[in-house]
Each structure stands twice: as C-alpha cells, then as structure tokens.
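Have a look at it first, and then we'll go through its parts together.

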Amino acid sequence: MTAAASADGGPALLRMRDLAKRFGGVRALRGAHLTIPSAGVVHGLIGENGSGKSTLLGILSGQLTPDSGEIVLDGQGVALSSPTRALGHGIAMVSQEMANAPHLTVAENVLMGRRLIRSRWGINWGQSRERAAAVLDRLGVNLDVDLLVRDLRPDQRQMVEIARALSMDTRILILDEPTSSLDNHEAAALFEVMHTLKRQGVSVVFVSHRLDELFAISESITVLRDGQTVAEGPLAQFTPDSVIAAMAGPRSAAASPVHAGWSARAERPAALVVEELSSPRALNRVSLSLRPGEILGLAGQLGSGRSELLECIFGSRAVSSGTITMNGEPHRPSTPRSAIRAGLAFVPPDRKGQGLVVSGSIRSNLMSVATHGKHRLATPATRAEDKVIAEMVARMRIRLHDVEDPVSTLSGGNQQKVAIGKWLASGPQVIMLDEPTRGVDVAAKAEVHALLRGAAAQGAALLISSSELSELLGLCDRIVVMVQGRVVDEADTSTNPNEETLIRRMTMTPKVT
Amino acid sequence: MLLFPEEVTTTARAQAARRLWKSSRHLVPVITLLVVIVVIFSATTPYFFTTSNLIILLTSNTALWVVAIGMTAVMVSGAVDLSTGALVAFLAILFARLLDAHLPGIAALVLTVLGGAAIGGLVNGLLIGRLHLSFLLVTLASLTAFTGFVNLWSNTQSIPVASAVTDNIAFGHLLGMNTSILIMVAALVVALFVQTRTYFGRDIYAVGGNPVAARLAGISGARTTVAVFAISGGAAALAAVVEIGRSSAASPTVDNSLPLQAIACVLLGGASIAGGSGGVGGTALGVLFLATLGNGLSLSDLSSYWQGVVTGVILVGAVLLNRVSDGGLERSLAFLRRGTASAASPDPER
C-alpha cells in the first residue's frame with residue numbers, strides 16, 4: 001500500500017496530473033493531482049466547499065473535460081471525454097443527488113441502460129432479476145429486486161446506485177459525500193459495503209466532510225484547496241489536525257471587521273429574533289438573534305440547515321414549531337410576499353435559478369422588488385426609476401452597457417450585484433444572503449463585501465450563510481456554527497477565532513442521531 | 001451639470017435608437033420573410049398587391065389577430081392555451097343567446113367579453129395558477145368540456161344573428177377605415193401599452209422567465225397566471241363576435257386549428273415556448289406573415305392541400321431562421337456534436 005507512489009512514478013492504478021479547468025472567469029482547478037495507488041483501496045478526497053472537489057470528480061467521471069492535464073490509467077493515458085467513455089474504463093460515480101428512476105423496480109434500476117437480459121422474445125425478466133439480485137448479493141445487501149425504488153429509504157436507494165455502478169464492471173467507484181444523507185447506523189452499513197468492495201479489488205474514491213469517517217476507512221487521501229492539491233499520501237502520514245491545517249491553508253488572519261460604533265449598537269433592540277425554530281427534516285430548535293447594523297454569519301456543511309433556516313424565515317419553507325420576531329412584532333411568514341412586506345430581503349444561493357430572471361432586462365430585475373407593492377396596472381415612473389437605477393449602478397459599480405440589456409449579458413460578478421441590488425433598492429431592515437459571492441471573481445467579491453458592510457453601517461441587519469469560512473471571518477461580527485439542523489456553537493469574531501476551529505466544529509458528527 | 005444640452009439630447013436619441021434596434025433584433029427574421037413573400041406574390045400574382053386584396057387579407061384574419069395577442073400574454077408567462085377554439089364557439093353561442101334575450105348589441109358584446117375573461121381566468125387560470133395543474137392538461141380538458149357544452153346548448157345548430165353591432169364590426173367603416181381593421185389596431189395598441197408600460201407587463205415576463213425568482217421577489221405567480229388566461233378568454237370572446245359579424249350566424253363548430261395557428265404566430269414573433277420572451281409586436285408580424293402566405297397561396301393556382309404542405313414547411317423554416325438569429329442553432333449543433341455529455345455538465349458561471 002505504498003501510496004507514496006504518487007511521488008516516484010510507480011505503477012499506480014490511476015494518476016490524474018496537473019489538471020486545470022476554468023468556468024468563465026472562475027478557475028475551479030489549477031494544478032490538481034489525484035493518485036490511487038492500487039486496486040482495492042479506499043482513497044479519501046477532502047477540501048472545503050469550492051475547493052474543486054466536484055470539478056475533479058466531474059472530470060474523472062467524464063462529465064467535464066479538463067482544459068489541461070493528463071489522466072493515466074494502468075500506465076496508459078486516457079481521454080475521459082464522456083460518461084460512457086469513463087464507464088468503459090471502469091470508472092463509475094454515485095452522485096450526491098441520487099439519480100434513479102423512482103417508478104421502476106430495483107432490478108430495472110440496477111440494470112438501467114441496456115443491461116437487462118434479452119432473449120428472442122424480448123426482455124427475459126426472470127434472468128434479469130437474478131442478475132440484479134446477484135449484484136446486490138455481491139454487496140452483501142438484502143433487498144427485494146421487485147420493490148419500486150420510490151418505496152425505499154435513502155440509504156437503500158444509494159445501495160441500488162452502487163449496485164448499478166458495480167454491475168458495469170467498475171474498477172474505480174466514486175462516492176460523492178455518500179454519508180451526508182445517512183444517519184450513523186446507515187453510514188456504518190455503507191462502510192461494511194465499502195470493505196466488501198475493497199476485498200473484491202474495487203477501488204473507491206470517497207468524499208466526505210466528516211474527518212472521523214475519513215480516518216476510519218481511507219488508506220490514502222488527497223486534500224484540495226483553491227483548486228490545487230495541497231497534500232496527498234498514505235493516511236498514516238496525517239493526523240486530523242494536519243488535514244485541517246492543510247484545508248485551511250496559511251491564509252493571513254482576516255482583518256477583524258469590528259466596525260466603529262459597534263458597542264453602541266449593542267444596546268439597540270434586536271431586529272430579528274428566532275426562537276426554537278424547527279422544520280421537518282431540516283431544522284431542530286434553532287435560536288438566534290440579530291441587532292440592527294450587525295452582520296451574523298452562518299457556518300456549516302451542505303445539509304447542515306443553514307440554507308433551510310433562511311428559507312424558513314423568508315416563508316418559502318414550512319415551519320413546524322418555534323417563533324420568529326421582527327422589531328418586537330411576531331413574524332409568521334406564509335409566503336415570500338408577506339416576508340418582503342415585513343421588511344425582509346433574501347438573496348438566494350442560486351443566482352440563475354432563483355435570484356434573477358436572466359432573460360429579463362437589468363432594469364426590470366433591479367426594480368422587481370421595490371415595485372412589488374404597486375398596483376399591477378400602474379405605469380412605472382421611468383424618470384424616477386432611472387434615477388434609482390443610476391444610483392444603484394454607481395453605488396454597486398455594476399459594469400453594464402445599457403440597463404435595457406438582459407441580465408444574461410453581464411459577467412457573474414455583475415449579475416450577483418444586480419441580484420443583491422434589487423433588494424437594497426427596496427430598503428429592507430433584515431437582509432439574508434445565502435452564498436453571497438458564489439461564482440464571483442476576486443475583485444467583484446471585494447466589492448460585494450464592501451457593499452454589504454455599507455448596508456450594515458446604514459442600519460440593516462445582515463444574516464449571511466456561506467460555505468467560505470474566510471468570507472464569514474472577514475465579514476461578520478459573530479458566527480454561528482450549524483451541524484445537522486442544530487446550532488452547535490457561536491463565536492464572536494472580535495475574539496479572533498480562526499478557520500481551523502470552525503472546521504473542527506463543523507466536521508464533528510453530533511452525538512445525537 | 002448640463003453644460004451642453006444639445007449634446008445630451010443627441011446621445012439620448014442615439015441611445016433610444018440603439019435600444020429600439022436591440023429590442024427589435026429578434027423581429028428581423030419574420031420581417032425579412034414577410035418582405036420576401038410580399039415581393040414574390042406581388043411579382044407573380046397581379047391581383048395580390050391591390051388595396052381591395054390587402055383589406056380582405058386583414059379583415060379575414062381579425063379573429064386570428066385578436067386570439068394571437070391573447071395567446072402572446074399566455075405564452076410569455078410560460079404556458080399555452082389550447083382551449084381558445086372551443087371558447088370562441090361557446091362564446092359565440094352565448095352572444096347569440098344574449099341577443100335573443102333582447103339585450104342591446106353593445107351590452108351583449110360587453111357581457112360576452114367579460115364572460116370570456118371570467119371563464120379563462122376562473123377555470124383555466126385558477127386551475128393552473130392556484131392548483132398548479134399542468135397547463136396542457138387543463139386547457140385540453142376545458143377544450144373538450146366546452147366543445148361538449150356548446151353542442152348541448154345549441155343542439156349543434158347555427159344561430160342566425162342580425163345585429164347592427166356585428167354588422168358594423170364586419171362591414172362598417174369608422175373614420176374612413178374598416179371597423180375590423182380599427183379593432184386590430186386598437187387591440188395591438190392596448191396590448192403594447194400593457195406589455196411595455198405597466199408593472200403587470202413586467203410580471204408576465206418575470207413569471208415566464210423564472211417563476212422561482214419571481215416568487216422570491218414577491219410577484220404573485222397565481223395572480224399573473226389568472227390574468228393572462230383571462231386576457232386569452234376575453235380575446236376569444238372578441239374573436240367570436242368578429243366571426244359572427246363575418247358569417248351573420250353563431251356557429252357551434254369548434255375550430256381547433258385557431259389556437260395552433262395563434263401559437264405559430266407567437267413563435268414566429270420571436271417568443272420561446274419556454275416563456276419569458278416574445279411580445280405582441282412580433283406576434284402581429286407573425287399573423288401578417290401567416291395571413292399573407294395563406295392569401296397569396298390561395299390566389300395562386302396551388303391546390304389547397306399543397307397550400308397546407310407549403311405553409312407547414314415554411315413555418316419550420318421560419319422558426320429555424322429565428323434560432324439562427326439568436327445563435328441558438330450554433331448551440332444546438334454544438335450540442336449534437338458533443339453528444340449527451342454536455343447535458344450533464346454543470347455550468348457554475350453562466
């Protein structure tokens with residue numbers, strides 16, 4: 001098990017070298033490496049969100065084509081130009097979002113594609129079922145192949161996907177955060193299956209945010225940061241602390257954001273108070289409070305409930321119990337409309353899918369919230385709008401040719417400024433943002449941050465959820481850490497917490513299941 | 001600040017011209033096609049380019065024009081209304097029955113239009129906007145149901161209508177212009193105003209362009225959907241009255257090609273079937289194109305079956321031309337070349 005093969009060019013099973021990939025202005029990968037030393041090992045891949053894991057796995061599974069770099073399989077260079085090619089080389093991926101057909105049976109899902117057994121009279125269902133059952137047996141999973149997939153639990157569906165991958169003579173199986181939707185017991189069952197696969201000579205690329213899992217099952221690991229491989233090798237060379245240090249990197253301690261007058265504002269009543277808020281399958285008795293002029297950060301892994309918390313406050317997700325108070329008044333948002341009327345703003349994480357009408361003009365997007373209370377047959381006051389828009393464009397430094405152009409003509413950073421600007425134009429009291437700088441280049445990011453600080457200085461309360469810890473540390477007055485729908489920690493950034501302590505809190509599996 | 005006011009106005013004028021060019025660029029293909037067929041028909045058919053023929057060309061397509069304008073609102077919001085043909089027949093019978101009840105013509109007209117809007121908004125609109133049923137299913141169901149109703153109610157018999165109002169609409173003149181052409185102009189002007197100069201107009205584009213973003217911005221998708229289907233229903237009512245005027249009878253025969261032709265006109269006018277784009281200006285050009293094609297082909301000696309074949313082929317060609325002009329064709333060809341791989345690739349930037 002000499003994973004140090006990565007250094008000396010020994011006969012490794014898979015070697016990905018110097019991979020680079022850009023998406024528009026964003027460099028998702030710049031010089032990433034990944035080496036799987038031999039058949040029958042579990043290789044851990046870890047890195048913060050946005051470090052390039054998904055891009056790297058997308059390249060390995062043939063969904064993305066790298067801009068440069070090489071992939072060597074069994075000592076031979078290969079081009080994985082499509083998922084079909086990758087499967088032909090024995091590389092299969094089980095993604096986070098389960099890709100199975102809910103209305104088909106387990107057998108049909110396992111043998112999806114052209115692998116149902118056919119005879120002269122069409123599909124031979126008896127033999128097909130046997131083949132599917134044999135694959136599940138190989139995994140040591142006991143599952144009726146005639147059940148419909150929609151009737152299965154999430155962990156069972158995942159097994160069906162793994163079985164499908166195996167039925168295609170897979171040598172390298174990629175599991176992208178397979179435990180994120182499983183409880184501890186189900187995760188243990190998955191690890192059993194991974195051990196079984198290892199014994200059968202299948203190598204597994206295992207992605208997880210939970211360090212304890214990674215240390216329990218991997219033989220070797222790769223650590224990514226900012227699109228680069230910053231550490232790799234046999235697990236024995238690492239300790240949890242050294243992995244965390246590699247993930248966080250030697251970034252300069254972010255400038256402490258404690259702005260002037262902060263202590264004076266501490267006296268003011270809270271703008272937003274959340275008490276014991278719960279939501280089915282998402283939030284478990286979450287409490288927090290936010291004062292005018294304050295910036296509160298929400299840290300946590302994907303699925304930790306930080307995005308769901310914002311949706312609940314904004315009325316776009318059902319709340320099962322708990323209370324929300326805004327400026328001393330009870331706030332029971334049933335729809336986004338009522339939340340907006342109460343003075344809330346919400347910049348969603350998916351700019352194109354949720355934040356903007358990209359086919360619409362910059363003008364109509366910027367004005368969409370500010371005018372939502374107007375009578376619909378009223379005529380927009382073009383002059384007044386022009387003035388507001390000119391102010392917004394200048395204040396936010398949106399670079400555009402003409403406000404009548406569609407938003408799709410803008411760069412990612414400028415689109416994000418429009419997505420935020422449309423809320424600022426309505427003068428909200430509480431502004432919630434989810435991933436405020438996702439897919440935004442460095443310069444625009446700094447501008448967005450300055451804009452958010454400006455909004456806070458003018459008295460708005462900001463609640464920011466982000467997967468980038470350096471962003472939260474640089475921007476927020478306080479940071480709340482969430483794990484599995486609960487608040488597990490709160491840190492005042494004036495006491496200078498660092499990324500490592502936050503990662504440690506976020507990667508711990510809570511005791512309760 | 002304004003040291004050189006003349007300069008400011010010229011740049012403002014230049015900017016306005018640039019905006020007009022940009023916003024009408026998607027109309028270039030349909031305008032080109034229209035000009036091409038007008039030139040061809042004028043050259044080959046002597047009678048084509050005469051005042052009397054052009055008036056026939058317009059007045060025989062008034063119903064399609066009105067229905068297509070209503071369809072534009074529905075399609076920009078991301079839906080399609082298949083029930084229009086059945087609604088036209090149903091509302092024609094309603095109008096005739098209202099006249100039979102000795103209502104004055106104008107009152108019957110107003111009540112029919114309100115009834116059309118109510119049926120469109122409260123049946124189609126509420127089921128689609130509020131209960132989130134598929135617009136294909138709902139409008140197909142109301143097409144079937146109203147086809148049944150209209151035959152039950154009329155005993156499948158046409159009802160002769162003699163009314164000053166309908167005669168005036170079909171054959172009268174106002175300000176030296178055919179009334180039905182004036183109706184077309186008025187409908188277009190009102191629709192253009194709503195589309196470009198009201199918040200409701202913006203809402204339709206927002207809801208069709210991205211329903212999630214519209215909802216998160218506080219725009220009511222349900223209300224917008226109800227309104228666009230009410231517009232489509234009201235347009236069907238107006239079309240029904242126009243058709244009664246032309247034939248002096250209310251016919252229970254359902255013309256299901258009417259909504260399909262209207263959809264073709266909206267698409268010709270630069271709209272996307274997915275919603276969020278297009279507009280009544282383009283739709284009007286689309287109707288003119290289809291009307292000219294039909295008129296010119298029937299003046300030529302082509303058999304009516306060949307006319308159908310030619311129209312179908314030209315429609316596909318026109319919509320393809322539209323895609324070439326937004327670069328959509330390159331994208332679809334690139335997609336074919338790269339195979340299905342590109343469909344799965346995430347695209348975080350644009």
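Two strands count as paired if DSSP finds at least two bridges between them. Strands of a sheet pair through backbone hydrogen bonds, either parallel or antiparallel. Keep in mind that what you're looking at is a predicted model.

With that in hand, let's turn to a sheet in chain A. It's an open one with 6 strands, and the pairing is mixed. Reading across, the order in chain A goes β6-β9-β10-β3-β11-β12. The edge strands are β6 (91–94) and β12 (228–234) of chain A, each with a pairing on one side only. Going from one strand to the next, the twist averages 15 degrees.

Let's zoom in on one pair. In chain A, β3 (residues 42–46) and β11 (residues 220–225) run in the parallel sense, joined over 4 bridges. Look for A:Leu45, and you'll see A:Thr222 of β11(A) standing opposite.

Which helices pack on this sheet? Two of them are set out here.

| Helix of chain A | Strands touched (chain A) | Direction |
|---|---|---|
| α2 (residues 53–60) | β3, β6, β9 (172–176), β10 (203–207) and β11 | about 150 degrees with β9(A) |
| α9 (residues 240–248) | β3, β11 and β12 | about 30 degrees with β11(A) |

Now let's step back to the whole of chain A. The domain assignment gives domain 1 (5–90 + 169–248), domain 2 (100–168) and domain 3 (263–362 + 428–506). For domain 1 and domain 2 of chain A, the C-alpha centres lie 26 Å apart. Where these two touch, domain 1 of chain A puts in 12 residues and domain 2 of chain A puts in 10 residues. On the domain 1 side, helix α7 (residues 184–199) of chain A brings the largest share, 5 residues. Sorted by class, that side of domain 1 of chain A has 6 nonpolar, 3 polar and 3 charged residues.

Finally, there's the meeting of the two chains.

Notes. Residues are numbered from 1 along each chain as its sequence is written. Chains are lettered from A and ligands numbered from 1 in the order in which they are written. This is a predicted model: local features need pLDDT of at least 70, side-chain atom pairs count only at pLDDT 80 or more; totals for chains, interfaces and linings use all residues. Helices (H or I, at least four residues) and strands (E, at least two) are DSSP runs, numbered from the N terminus. Axes are lines fitted to C-alpha atoms, for helices over the stretch in contact, and angles run from 0 to 180 degrees between N-to-C directions. Two residues are in contact if their C-beta atoms, placed from the backbone, lie within 7 Å. Domain bounds come from an automatic or database domain assignment. Ala, Val, Leu, Ile, Met, Phe, Trp, Tyr, Cys and Pro count as nonpolar, Asp, Glu, Lys and Arg as charged, and the others, Gly among them, as polar.
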